[in-house]
2 protein chains.
Amino acid sequence: MQLMTCRDLSKSKVGRCYYCPIIDDQAGIINDPVVLKLSEEKWWISIADSDVILFAKGLAIGNNFNVKIVEPNVDIMAVQGPKSFKLMEKVFGEKITKLKFFGFDYFDFQGTKHLIAQSGWSKQGGYEIYVENTKSGLELYDHLFDVGKEFNIKPGCPNLIERIESALLSYGNDMDNSDNPFECGFEKYVNLETEANFLGKERLKKIKSEGVKRKLKGIKIDAKEINLSSSLDVKDEKGSKIGELRSACYSPHFGKVIGIAMMNKSFWEVSQSVKIQINNNTFNGKVCDLPFI
Amino acid sequence: MQLMTCRDLSKSKVGRCYYCPIIDDQAGIINDPVVLKLSEEKWWISIADSDVILFAKGLAIGNNFNVKIVEPNVDIMAVQGPKSFKLMEKVFGEKITKLKFFGFDYFDFQGTKHLIAQSGWSKQGGYEIYVENTKSGLELYDHLFDVGKEFNIKPGCPNLIERIESALLSYGNDMDNSDNPFECGFEKYVNLETEANFLGKERLKKIKSEGVKRKLKGIKIDAKEINLSSSLDVKDEKGSKIGELRSACYSPHFGKVIGIAMMNKSFWEVSQSVKIQINNNTFNGKVCDLPFI
């Protein structure tokens, strides 16, 4: 696990989750999972959209490591939002209120233990239930909806607007293997002053000393709608490409389109003007910091 | 490339495509790409749905190989069907008629070279154009539709019925990392009597000497429709699970549902009776060999 991430895990604790960029030997990002330390010798890697298991297998085989790499039969059920705390307390008792952010523990539901973490892909807080026992998980799902009636519980999915406003990055959209952690604002998850050995460490030292030439920034665009199917060029006043818009949505909060873009260094300053062509119209935009809110 | 596949590539030739199961050290299948030998030192791996590039990178890093592994910007445009030969001759001239099955070469279109192979994910024959120059590729697409009018050319996608009838396996559906090549009928792509070194070789020798206990077989089911969202249990007369139906469709040719199933050894014989529950009804089925047609 340590070999694959630039985050120092030497002081990691059992029962805790860690957001860990996984990078290759060139410091290109391969995934940005939440990693759960189940025991000193067992980790779960809760991945974004790429087959990290194949990277781990290749590394283990090539290095002749004595390690077992398997895909466990786990489905994650996310209970999210400000009311999730009261709901989960009703179902699992007071013990679950003691769970800290990014902590996890096992909780009983009708005789079956479920691993539950205080985590989730929203900024509203909540829990993720790692369902290993499918039958019990289905019963728990129904039970959550019964007990959740008073909280107006509803099925849902990650909210694109909220995730962009709060700059919850999405692997495969905002970043991919051609980007490094410094370009994506992951400085706090890069530990170079450590004895931990990981792929890309020397490369990251070099990148850090030279400084990156592009970085993910926010852009507010004077448009009312956008439907990104692939990235869009961000241009300067003269029409030269200065960046790449990778995610975008209409934000009711700002009353305009906002997006996440990989921007050249000379366009990092807040409020700089940029141009973006959406369909056949050119719109004005302004650079800003991430997150938007 | 050789390290990742159980197929002996020692006699492979530049300008040829090779169907190569990629396996791990436990002989579990990771992908089943068509591999193109571009030069003695350069390969393209045209993959099914899994991130083979991550496996390759892990292996290369772990073994400290001097190899460059990149995802080229290539889009495959498939021109398939019996009329594709005449059409492509009209566009690229007589030279393309000399291309043999699984051969490839470069062909000129309005001054741009395109790599074209005689291959494709159908049993009807045709070509795959590996588009590196997107602009020219789009022009070529339009040109194919202009010239193709007389052949009644239409946009299309892989035909589920045809691919099941002809047992064109689909990685992620019919097989995954928990299956080995012998279980999937890939004997002819497994070369154990060779000096070539590849992952899982010793494991495959053991599997071969012991014999596999399950294998992909065809099943014809006395039902008129099916919509598989995940695999279905195949049961014997007594209700015990004896296999797993992984792909299925209604076949107009047979007037019934046909499917591809991983079957236990005692149920490999043709015409054995099995039971399959679709929604809440139990249907009778008969085991058969693959391909169906």
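This is a predicted model: local features need pLDDT of at least 70, side-chain atom pairs count only at pLDDT 80 or more; totals for chains, interfaces and linings use all residues.
Reader: How many residues does the contact take from chain A and chain B?

Author: Chain A gives 16 residues and chain B gives 16 residues. The area buried between chain A and chain B is about 1,300 Å², and carbon and sulfur atoms give 66% of that area.

Reader: How many salt bridges are there between chain A and chain B?

Author: The count is two. In one salt bridge, Lys57(A) pairs with Asp24(B), and the closest N and O atoms are 3.0 Å apart.

Reader: Which helix gives the largest share of the side of chain A that touches chain B?

Author: Helix H1 (residues 52-63) of chain A, with nine residues. The residues on that side of chain A divide into seven nonpolar, five polar and four charged.

Reader: OK, switching topic. How many salt bridges over all chains?

Author: The structure holds 37. Among them, Lys37(A) pairs with Glu40(A), with the closest N and O atoms 3.2 Å apart.

Reader: Is Lys37(A) buried or exposed?

Author: Lys37(A) counts as buried, because its relative accessibility is 4% and the cut-off for buried is under 20%. Glu40(A) is exposed, at 59%.

Reader: And what about Arg163(A) and Asp174(A)?

Author: Their side chains meet in a salt bridge, 2.8 Å from N to O.

How values were computed: Residues are numbered from 1 along each chain as its sequence is written. Chains are lettered from A and ligands numbered from 1 in the order in which they are written. Side-chain values use heavy atoms; hydrogens and water are left out. Contact means heavy atoms within 4.5 Å. Buried area is the accessible area (1.4 Å probe) that two parts lose on being put together, summed over both. A salt bridge is a side-chain nitrogen of Lys or Arg within 4 Å of a carboxyl oxygen of Asp or Glu. Helices (H or I, at least four residues) and strands (E, at least two) are DSSP runs, numbered from the N terminus. Ala, Val, Leu, Ile, Met, Phe, Trp, Tyr, Cys and Pro count as nonpolar, Asp, Glu, Lys and Arg as charged, and the others, Gly among them, as polar. Buried means under 20% relative accessible area, exposed over 50%, partly exposed in between (1.4 Å probe, protein chains only).
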